[in-house]
Amino acid sequence: MNLNLHIWRQKNKDTKGKMVSYQVNDINEEMSFLEMLDVLNEDLLRKGDDPVAFDHDCREGICGACSMVINGRPHGPTRTTTCQLHMRYFNSGDNVYIEPWRAGSFPVLKDLTVDRSAFDRIIQAGGFVSVNTGSAPDANEIPIGKEIADEAFNSATCIGCGACVAACKNASASLFVSAKISQLAMLPQGAAERKRRAESMIAQMDAEGFGACTNTGACAAECPKSIDLTNIAQMNREFIGAKLTSELV
Amino acid sequence: MSWLSKTLSSTIGRKLIMAVTGLFLVSFLFVHLIGNVALFYDDGGASFNKYSHFMSTAGIIRVFELLLVAGFLAHIWTSIQLTRLNNAARPEGYAYQLKPSKEVSWFSRNMGLSGSIVLIFLVTHLQNFYYRYHYEEIPYVIYAPAQLYPQAKNAPKEVVTSVDSLAGHTVLHVTQKQAETIAPQLNTEALKDMQQLVHEVFTKEWWFSILYVVAMFLLGFHLNHGFQSAFRTLGLAHKKYTPFLTNLGGLISILVPAGFASMPIYFLIKAFM
């Protein structure tokens with residue numbers, strides 16, 4: 001198939017970018033979206049042009065590196081990561097608009113690559129469990145009920161790609177932050193630090209400049225890992241509880 | 001900053017203010033709607049005018065009125081702050097507009113728009129009824145015993161503007177000046193004729209009736225998203241009760257605005273029948 005691509009090109013963080021149109025031909029419908037971009041880049045390199053920069057790593061839907069908004073939807077028309085999106089969802093002659101995640105907290109570094117270290121700083125603020133180093137603990141040393149383990153696992157499947165922020169009209173990071181807060185609050189290992197975690201992660205989320213949650217559900221609808229909106233309610237619950245009872249003043 | 005002001009100025013804290021004030025305003029809608037049902041009693045406005053008199057004179061209502069103003073101001077002011085914060089979170093928009101999935105309702109993404117139109121309506125509504133009732137000259141009405149009817153009917157126009165006889169009592173329509181002389185003679189109280197004011201606004205200034213119905217339509221969508229969203233913000237989302245709250249919100253968002261909208265529609269139909 002042949003496609004008309006319209007791609008955001010931006011030289012670096014400090015220059016202004018713009019949408020540039022390209023034509024790609026003879027695309028196989030079994031290619032992934034990233035492979036289609038590889039074809040474009042090989043073509044650009046042959047012509048001596050600068051290839052389109054985009055984040056990618058595992059290309060099997062588990063690392064969360066790929067990040068592009070395709071025709072107004074993060075990761076494109078299917079509920080998966082961009083690397084797992086296949087060209088059979090497009091028709092020959094389609095116009096395809098490809099843009100980076102848009103959020104003040106995710107500055108564009110080059111073309112489709114954005115700086116997502118705001119997410120790292122939020123996790124560093126409390127998205128972990130403090131343990132003493134030493135030999136590995138025995139498996140099942142702390143019994144955890146299956147329902148809780150399942151729920152916590154569902155929240156833990158977040159790959160931190162940022163599609164939630166990209167999809168949200170307010171560029172809110174609530175779904176990402178709430179998935180980690182909920183996951184750890186549900187587990188006995190994480191429960192000990194739940195109050196400090198909720199307070200510091202949410203303070204960091206605000207400091208990074210993400211927007212507020214309006215509960216539209218646009219994030220959960222685009223999440224390639226189906227993180228549920230109830231995580232956000234749980235985060236709010238953790239936040240209110242922590243603010244009312246924590247030792248921090 | 002104290003822990004409380006820090007909490008309430010965070011993004012979640014501001015959403016908590018939106019949720020709490022929003023649910024408080026919903027409770028006001030119920031009280032307002034139930035009271036205004038008195039408009040439909042066909043008793044020459046006796047029930048509604050007595051209700052209006054109580055609502056504008058009782059001390060406890062004054063207290064709630066202040067709370068209500070505070071609730072509205074907090075809800076509006078916080079929404080402005082949040083909108084600015086949310087706009088600042090995405091300084092550069094998408095070239096191809098975001099196309100949210102079908103599960104995401106248009107109205108949930110445009111609460112600011114529906115809220116603003118309801119606010120414009122609210123301002124005209126307060127001018128039409130609250131301001132005129134309190135600060136402009138409006139007709140008065142006296143509910144006198146039925147046996148006074150023949151005597152009242154023969155009273156000159158300067159004393160009583162017009163007289164009706166309704167089940168149980170004689171209704172004297174008077175001006176404020178006339179009321180001051182007649183009411184003490186009859187040993188009764190003259191009431192401002194709110195029913196008449198409502199009738200005139202809804203039928204003679206019919207464009208307000210149209211704005212009224214449009215605003216109620218938008219209020220319905222505002223409530224449909226806002227009601228369940230408020231509970232989510234408060235941390236209450238669970239498969240046990242979220243479907244119930246969502247359905248309850250849906251029901252409220254139909255019944256309450258429909259109840260209010262039925263008032264201008266009722267007066268317009270009555271006027272043209």
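Domain bounds, as I use them today, come from an automatic or database domain assignment. On that basis, chain B is divided into domain 1, covering 3-87, 112-138 and 193-272, and domain 2, covering 139-192.

Before going further, a word on the model. This is a predicted model, in which local features need pLDDT of at least 70 and side-chain atom pairs count only at pLDDT 80 or more, while totals for chains, interfaces and linings use all residues. Residues are numbered from 1 along each chain as its sequence is written, and chains are lettered from A and ligands numbered from 1 in the order in which they are written.

Let me stay with chain B. The centres of its domain 1 and domain 2, taken over C-alpha atoms, are separated by 34 Å. Two residues are in contact if their C-beta atoms, placed from the backbone, lie within 7 Å. By that criterion, 14 residues of domain 1 of chain B are in contact with ten residues of domain 2 of chain B. On the domain 1 side, α3 (46-57) and α8 of chain B each supply at least two residues. Helices here are DSSP runs of H or I with at least four residues, strands are runs of E with at least two, and both are numbered from the N terminus. The element that gives the most to that side is α3(B), with five residues. By class, the domain 1 side has four nonpolar, six polar and four charged residues. In this classification Ala, Val, Leu, Ile, Met, Phe, Trp, Tyr, Cys and Pro count as nonpolar, Asp, Glu, Lys and Arg as charged, and the others, Gly among them, as polar.

Helix α8 of chain B, residues 194-204, also packs against another helix. How do the axes of α8 and α10 of chain B cross? They come within 9 Å, and the crossing angle with α10, residues 242-272, is roughly 80°. Axes are lines fitted to C-alpha atoms, for helices over the stretch in contact, and angles run from 0 to 180 degrees between N-to-C directions. α8(B) is therefore roughly perpendicular to α10(B); angles of 65 to 115 degrees count as roughly perpendicular, those under 35 as roughly parallel, those over 145 as roughly antiparallel, and the rest as oblique. From α8(B), V198(B), H199(B), F202(B) and T203(B) meet P264(B), F267(B), L268(B) and A271(B) of α10(B). The contact has six nonpolar, two polar and no charged residues.

I turn now to chain A. Nine helices and seven strands are found in chain A, and its C-alpha trace spans about 60 × 35 × 35 Å along its principal axes. Of its 249 residues, 45% count as buried. A residue is buried if 20 or more other C-beta atoms lie within 10 Å of its own, exposed if 12 or fewer, and partly exposed in between, with C-beta atoms placed from the backbone. Among contacts in chain A between residues at least 6 apart in sequence, 69% join residues at least 24 apart.

Chain A, too, is divided into domain 1 (3-110) and domain 2 (116-245). Their centres, taken over C-alpha atoms, are 29 Å apart. In the contact between them, 18 residues of domain 1 of chain A meet 16 residues of domain 2 of chain A. The domain 1 side comprises seven nonpolar, eight polar and three charged residues.

Next, the interior. A nonpolar core is a set of buried Ala, Val, Leu, Ile, Met, Phe, Trp, Tyr and Cys residues joined through C-beta atoms within 7 Å. The largest has 94 residues, of which C164(A), V165(A), L175(A), F176(A) and V177(A) touch the most other members. Leaving aside neighbours within four places in sequence, the contacts of V165(A) include W101(A), F106(A) and F210(A). Apart from this core lies another, of 15 residues, among them Y143(B) and I182(B).

Finally, the two chains together. In their contact, 37 residues of chain A meet 37 residues of chain B. Elements giving two or more residues to the chain A side are β5 (95-99), α7 (194-207), α8 (218-222) and α9 (230-245) of chain A. The most comes from α9(A), with eight residues. The chain A side has 17 nonpolar, twelve polar and eight charged residues.

Two of these helices, α7(A) and α9(A), also pack together at an angle of about 110°, with their axes 9 Å apart. They are therefore roughly perpendicular to each other.
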